[in-house]
Amino acid sequence: MHRTSINLNCNCHQTTPRGEYAAFYVRLFISIKDSTEKISIMSTKEPVSDIKVPNSLGKSLGLNVAWITDQQFACYALGKVNQNGAPSEPQPTSPVDVNLVGADFIFEEPNIRSMMAECGRLFYQLQQLRYGVTEEASKPIDYVKLSHRYRMIVRKALKGMNVQANGMLEDDPSLKAYRSLISLFYAIECTWHLLEFLVIDSNTSGAVVSSLLEWVRFHFPAPERAATEMLQNGRELDKQDNYWDIVKGLILQGQTTIARALLRVHTCSETHCFQVAEQLLQSIPIYSVYSGLSVHRYKTQWQCWCDNVRTLIDAGSFGAEPKLEELLRLVSGERKAWAEQFRNSTCWYEHFPGYLLYTDSSCKYYQLGQYANDWIALFEANGGIDERQFKFLDRLVLAVMENNLVHVLQQVQLFPDNGWFAVHIVDLLYHGGFLEMGSGTGGGGAVDAELEASTANTSASSREGGEVADGKLVRESLLYDFGCLLMSHATFWQLGMDYLEFSSTEGLGARELLLARVPFHTDRQAMRIIAAANKNNYPDVIAQVCRVLTKRNLAIANYSSALEWAIRSEDSAYVRDVANIFLEHYCNHGELLCEKQVAHLGSKVFISSRLVFLKKYYDFRQFYRNHSYAQAAELLVSLMDSKIMPSYFWPCLLSDAIPLLEFREPIIPSKETYIILGHLQQDLVPMLEKSKQHNQRQIDKTSITPVAATAADDDTATGHQQHDQTALIPTFSSNLLNNCTEELIKMLRLACARNLARAHIIENTRNSE
């Protein structure tokens with residue numbers, strides 16, 4: 001089976017299989033074109049994205065799709081199935097291609113990577129404050145400040161990407177991707193900013209127009225920048241072609257102070273009509289919750305001011321300056337004058353805050369939705385695009401202004417940002433109490449009714465059990481999916497650990513499973529994973545990483561490190577297999593590997609009995625080298641009589657006994673000599689018989705015809721190769737059976753007989769004395 005991956009470089013509409021809050025549905029339309037399967041991913045009222053999936057069997061058998069995660073699905077050709085679930089056509093015998101289709105992973109871009117790290121630290125800090133982990137937990141949490149810090153991090157990343165994009169050539173293939181990322185995070189910051197002062201900041205619950213004006217000035221800065229540049233150039237600015245366009249742009253954004261500054265530098269600024277306009281603009285009534293003025297009193301003053309302006313206009317006071325008259329019509333809130341500006345608008349909300357300023361600057365958040373819909377109706381009736389043709393950001397802004405938080409949280413999950421924005425804004429809203437259903441705190445009291453209505457409208461198409469009881473499930477689901485996504489990438493797994501830590505019980509369990517699957521290529525990377533596993537008490541993860549490092553070091557013949565990692569894994573099977581390699585190497589080559597490391601094993605030897613034997617055999621060799629023959633002989637006999645020695649090591653161990661048996665002054669008593677003889681008969685002789693049988697089979701094999709013998713050898717070689725590929729740990733190509741010979745047995749028997757004779761004489765002489 002072959003597998004390929006395809007990334008979607010488009011607005012990918014995600015599903016949330018674990019999310020209890022929002023259910024989004026993706027319709028897959030499968031068609032065949034030129035032996036290539038083409039999948040059209042459609043969402044209601046969204047443009048279609050076509051993805052070409054190369055699949056050789058798709059033309060004849062059709063294409064099946066299966067979701068893997070909320071950001072990835074698999075396409076494979078295995079034929080169609082009938083109503084009973086059985087294949088309607090024979091299954092293919094050729095290899096099947098599996099194509100993985102998923103959204104682009106955007107976090108590899110350097111600026112976004114830096115943004116991810118900073119936001120990850122801020123996210124973790126918020127969780128510690130919220131759950132009382134730090135000393136500052138007793139202090140109230142300023143969620144507006146935290147939201148502002150999030151946005152500053154996003155703006156910093158946007159600035160870096162803009163610099164990067166400006167330095168690219170127009171034919172650079174990565175320029176389009178950078179521009180897409182800039183547009184994406186601009187939309188995210190724009191939405192976040194709006195949510196910050198409308199939902200998170202409770203101080204703006206009295207009046208929202210001033211905050212809306214600040215919001216629109218930041219996201220549409222062209223008039224203010226042009227005015228600043230113009231004011232720096234000196235007088236006679238009205239001679240420039242764009243003078244009145246800039247002044248009108250400032251008025252449309254409610255920036256009357258800067259507009260007045262430009263009007264004062266007009267060459268006719270000393271005339272009567274300009275002086276009257278200056279006085280009118282200076283005396284505009286602006287509502288403020290801190291002014292001590294009631295709403296009724298403000299509206300009375302505003303109506304009087306508007307009547308005065310209209311009276312002056314009707315009297316022709318500004319007839320000599322039609323541009324100035326148009327400005328005053330806009331300031332007085334004349335709908336006809338505002339309707340004429342829609343043709344130059346880039347989106348429906350560009351001039352909406354300015355219109356609110358000049359019609360009802362005391363507008364509250366709960367009134368904003370009605371005002372927005374009235375403005376959209378006026379927008380559509382006077383040359384603006386239809387609401388059905390609104391872009392994604394246009395609809396999202398409208399949902400925020402309508403205080404439809406349920407729809408907003410559904411929509412933010414559609415951003416092709418791998419779920420980053422949805423995770424952080426939902427987490428912030430949840431901790432601030434804005435997702436508490438029916439509680440009415442923090443501006444979230446309307447969510448309950450909205451949620452019930454939304455659930456009722458989508459119940460026919462939503463999956464069973466899709467209704468959400470509270471915002472906790474939303475947050476946990478998003479954190480789980482986002483954390484799992486980060487854990488699947490080698491460079492972001494540490495961030496993923498932090499997000500999963502605060503997701504749910506399921507997320508805590510997923511941390512351990514996913515940490516064990518994090519790919520690593522160096523010991524340094526492995527040590528980071530082990531450190532994280534130690535911190536979170538995941539011994540199984542440590543063992544698994546150590547096993548992988550053991551196999552890698554064995555593959556490159558680094559036996560010292562292999563033994564060290566096997567011991568750290570505390571897996572007796574791995575330690576036993578590595579110790580076997582050491583012992584087999586000694587049997588074949590007469591050299592003990594890594595003697596210094598074996599000498600300092602200490603208490604670690606008790607992980608495996610085979611490692612105990614290796615250490616004891618090393619001690620025997622040291623006694624022999626240091627001429628402590630009596631101690632060496634005693635240890636040798638005890639090793640023979642123990643149950644921890646591998647059977648293949650008998651020839652080596654018994655051959656080591658021969659020089660000790662040949663001493664003139666016997667150092668091995670008769671009793672121990674009988675033990676050696678017993679092992680010689682019980683263990684070494686059967687090995688000799690086994691060696692003879694093996695040799696006989698080799699002789700019989702040579703008597704077969706050459707063609708058959710060649711085929712048999714090929715089958716045997718293939719079998720060995722397959723065994724080596726699937727073996728837990730690679731082994732040496734040893735000929736241990738050849739170490740056991742008749743000559744060795746004869747020498748052992750002769751040495752034992754001589755040692756017994758000498759030992760009996762000495763022992764009997766001592767007894768008689």
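This is a predicted model: local features need pLDDT of at least 70, side-chain atom pairs count only at pLDDT 80 or more; totals for chains, interfaces and linings use all residues.
How many of the 769 residues of this protein count as buried, as a percentage? The figure is 47%.

Let me start with the overall numbers. The protein has 32 helices and seven strands. Its accessible surface comes to about 38,900 Å², and carbon and sulfur atoms hold 50% of that. If we take the contacts between residues at least 6 apart in sequence, 66% of them join residues at least 24 apart.

Now to some helix packing. Please find helix α19, residues 471-487, and helix α20, residues 493-501. Their axes come within 7 Å and cross at roughly 160°. The cut-off for roughly antiparallel is over 145 degrees, so α19 is roughly antiparallel to α20. The crossing of α19 past α20 is left-handed. On the α19 side, the contact is made by Leu479, Tyr480, Phe482, Gly483, Cys484, Leu486 and Met487. On the α20 side, the residues are Trp493, Leu495, Gly496, Met497, Tyr499 and Leu500. By class, that contact has 11 nonpolar residues, two polar ones and no charged ones.

Helix α19 has another partner to look at, helix α21, residues 505-515. Here the axes are 11 Å apart and the packing angle is about 5°. Angles under 35 degrees count as roughly parallel, so α19 is roughly parallel to α21. From α19, the contact uses Tyr480, Cys484 and Met487. From α21, it uses Glu506, Gly507, Ala510, Arg511, Leu514 and Leu515. Sorted by class, the residues of this contact are six nonpolar, one polar and two charged.

Next, helix α5, residues 209-219. Which of its residues are buried? They are Val209, Ser211, Leu212, Leu213, Trp215, Val216 and His219. The cover over these buried residues includes α4 at 173-200, α13 at 352-359, α14 at 365-381, and α15.

Helix α15 spans residues 392-401, and Asp394 lies in it. Is Asp394 buried or exposed? Its relative accessibility is 6%, so Asp394 counts as buried. Leaving aside neighbours within four places in sequence, Asp394 is in contact with Cys347, Trp348 and Tyr349. In sequence, Asp394 and Tyr349 are 45 residues apart, while their C-alpha atoms are 7.8 Å apart in space.

Glu570 is in the loop between α24, residues 559-569, and α25, residues 572-589. Its phi is near 55°, a positive value in a residue other than glycine. With a relative accessibility of 64%, Glu570 counts as exposed.

The other one is His627, in the loop between α27, residues 609-625, and α28, residues 629-641. What is the phi of His627? It is about 65°, which is positive although His627 is not a glycine. Why does His627 count as exposed? Exposed means over 50% relative accessible area, and His627 has a relative accessibility of 57%, so it counts as exposed.

Note on methods. Residues are numbered from 1 along each chain as its sequence is written. Side-chain values use heavy atoms; hydrogens and water are left out. Helices (H or I, at least four residues) and strands (E, at least two) are DSSP runs, numbered from the N terminus. Buried means under 20% relative accessible area, exposed over 50%, partly exposed in between (1.4 Å probe, protein chains only). Contact means heavy atoms within 4.5 Å. Accessible areas come from the Shrake-Rupley method with a 1.4 Å probe; for residues, only the protein chains shown count as cover. Axes are lines fitted to C-alpha atoms, for helices over the stretch in contact, and angles run from 0 to 180 degrees between N-to-C directions. Angles under 35 degrees count as roughly parallel, over 145 as roughly antiparallel, 65 to 115 as roughly perpendicular and the rest as oblique. A crossing is left-handed if the near helix is turned anticlockwise from the far one by less than a right angle, and right-handed if clockwise. Ala, Val, Leu, Ile, Met, Phe, Trp, Tyr, Cys and Pro count as nonpolar, Asp, Glu, Lys and Arg as charged, and the others, Gly among them, as polar.
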